[in-house]
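User: I want to learn how to read charges on a protein surface. Can we start with the general idea and then turn to the case here?

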Amino acid sequence: MNKVMFFAHLRDVVGEEFLSLEAAGKTVAELKAELAAKYDLPRMDTVMTAINEEFASNDEVIREGDKVAFIPPVSGG
């Protein structure tokens, strides 16, 4: 099982701060596509991903017990 965390507008769209999902064996890109389809998440291609608090690329494979965080780009002024 994996803890998948959402930040900023992604949290609002999903309606939860995190979900417990079975993501082991999937790449980051596969998980992004699955979540984008299920929750109609916008612009997942621009979202940064961290696995166990370290930034991860889209081709990184998620392992059992990994904590995955999706962090959208932040703008401000």
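Analyst: Start with the patch rule. Patches are made of residues with over 30% relative accessible area and no salt bridge; like charges are joined within 9 Å, and nonpolar side chains (Val, Leu, Ile, Met, Phe, Trp, Tyr) within 5 Å. Lys and Arg count as positive, Asp and Glu as negative; His and the chain ends are not counted. A charge is placed at NZ of Lys, CZ of Arg, CG of Asp or CD of Glu. Areas come from the Shrake-Rupley method with a 1.4 Å probe, and for residues only the protein chains shown count as cover. This is a predicted model: local features need pLDDT of at least 70, side-chain atom pairs count only at pLDDT 80 or more, and totals for chains, interfaces and linings use all residues. Residues are numbered from 1 along each chain as its sequence is written, and side-chain values use heavy atoms, without hydrogens and water.

User: Which residues form the negative surface patch?

Analyst: Glu 53, Glu 54, Asp 59 and Glu 60 form it. Asp 59 is exposed, at 60% relative accessible area (buried is under 20%, exposed over 50%, partly exposed in between; 1.4 Å probe, protein chains only).

User: How many salt bridges are there?

Analyst: A salt bridge is a side-chain nitrogen of Lys or Arg within 4 Å of a carboxyl oxygen of Asp or Glu. The count here is two. Lys 26 pairs with Glu 34, with closest N and O atoms 2.6 Å apart. Glu 34 is partly exposed, at 38%. Arg 63 pairs with Asp 66 at 3.9 Å. Arg 63 is exposed, at 57%, but Asp 66 is buried, at 5%.
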